[in-house]
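Please consider the following structure with its sequence at hand. The explanation below leads through two of its regions in turn.

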Amino acid sequence: MAVSDKAFNAIVERCRLALQLKYEHGNESQERPLLDAELRLIQRRGFQEALGEIVEFADQLLDHGTTLHAIGAGGSSVILFLLGFSDVDPVRYRTHFQRLWCTSNGEPPTVQFVVLPADGNPWEDIPRPPCVTVHSMTALEAIPALVCRQLPDVPVRMAEKAVFAAIQSGDTDGIFQLETEPVRSRLSKMRPSSIQDLATLTVVEQIRLCHPEIAETFNVEHEQELPLPIVFQETIMERLHRQGRVPWDETYRFVQAAVKGTAGHVNAMKAEFDLQVDQDHAAEDEGLLNQLTEASQWAVCRAHHVANAITSYRAAYYRTFHRQAFENALQRVSDWDRAH
C-alpha cells in the first residue's frame, strides 16, 4: 500500500471517529453521507495525496500551539470541519464541498488557513505544501482567538438572542468585520439574526469596498431589505446540478466562466450544456438562467463569508458574556498595533 493511501485511510478513520464524537446523540445522519460523498470525489479526482498534505500541515501547526481555521472554499469541506480545521458545519450552513474540490484545471485545490501562532511564526519552519496558503490573523480577527485561549473551556452558543441584539444595535467596537460606521449603519436596517445574515452583511461590505460601482446601483438606505441580490456560488452550482443536470465536476467551471463579467460567457456555457427553458420546467429553468445572469455580475463563496461571520459572532459573544476577557484581548492587540 502506498504511503499516501495509508495517510488517506488514517484521515478517513479520524473523520468517522469525529462523527461519533461530534454527534454522540445520533444527529450525524446528514453529515455521514456528505462525508462519504466528499471522500469518493477526492478519490475519483486523485486528490488523496493533496488531502494528506493539507491535514499533515494543519496537524503540525496545532502541535506547535497555533490557533487556525480554514477560510475561503476550504470552509466547505466536511473533512476539514470534522477534523477541527474549519468552523463551518456544512449541514447547518448549506455549503458544498464540491466548491473546494471541483477545480476547473484538474489540479488539487488550494486551502487557505488563517492562523494565530502561540509564539513566532511556526509555519515558516514547517514545510508547506503547494496546496496550502497561510495568512496571519488581523488584529480584530485575533481577539476571539485570544479569548478562547484565555477561556478554553467556555463553549460559544451559536444562536444567542442577546448577542444578535447587541450586534443589531451597532454596539460593535472591536468586533471583526462589524466595526466600521457603514456596517454599523446597515446593522440596524438589516437586523441580522443568524450567521447567514452576518455572512450576507459582510458580502455587502466587500462589494462596497471592492466594487463601489456595483454597490452604488442599489439603494442601501431602503427599509430592511437586502441592498442587493447576493448570489452565492454554491447556490448556482447546486441549481446547475439539480435543475440543469450539469455534472458536479463541471458546475464550478460554469461559475468561473460566469463571474468573468460578461453575458457572453454565460451564453457560451448555456449553449455548451444545452440549458434551455422548456415548457415542462419553465419556471425552474427561467429562475436558473436568471441566477446565471446575476452571477455574471457578482458571485461570492458562501463558505468563506460564513467562516468570517462565525469569527465575528464569536467576538460579539465574548464581548456580551465575557466582557473582561474581551477587553483584555482588545488591549493586547492594541498594544501589538502600537509596537508595530
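Where is the place of Thr95? In this predicted model, Thr95 lies in the loop between H4 and helix H5 (98–101). Its relative accessibility is 5%, and Thr95 therefore counts as buried, since buried means under 20%. Not counting residues up to four places away in sequence, Thr95 touches Gly75, Ser76, Val88, Pro90, Arg302 and Ala303.

Ser76 is found in the loop between strand S1 (67–71) and helix H4 (78–82). Because its relative accessibility is 0%, Ser76 counts as buried. The side chain of Ser76 reaches the backbone oxygen of His96 at 3.4 Å. With neighbours within four places in sequence left aside, the contacts of Ser76 include Thr95, His96, Phe97 and Arg99, as well as Pro90, Leu100 and Ala303.

Strands of a sheet pair through backbone hydrogen bonds, either parallel or antiparallel. Here, three strands form an open sheet in the order S1-S2-S3, with mixed pairing. S1 and strand S3 (132–136) are the edge strands, each pairing on one side only. On average, neighbouring strands of this sheet are turned by 30° against each other, direction ignored.

Strand S2 (residues 111–116) and S3 run parallel and are joined by five bridges. Val115 stands opposite Ser136 in S3. Helix H6 (residues 139–150) packs on the sheet, where it touches S1 and S2. The direction of H6 makes about 60° with that of S2.

Conventions. Residues numbered from 1 in each chain as written. Predicted model: local features only at pLDDT ≥ 70, side-chain atom pairs only at ≥ 80, totals over all residues. Heavy atoms only, no water. Helix = DSSP H or I, 4+ residues; strand = E, 2+ residues; numbered from the N terminus. Buried < 20%, exposed > 50% of the residue type's maximum accessible area, 1.4 Å probe, protein only. Polar contact = N/O pair within 3.5 Å; in protein donor to acceptor, adjacent residues only side chain to side chain. Contact = heavy atoms within 4.5 Å. Pairing = 2+ DSSP bridges. Axes fitted to C-alpha atoms, helices over the stretch in contact; angles between N-to-C directions.
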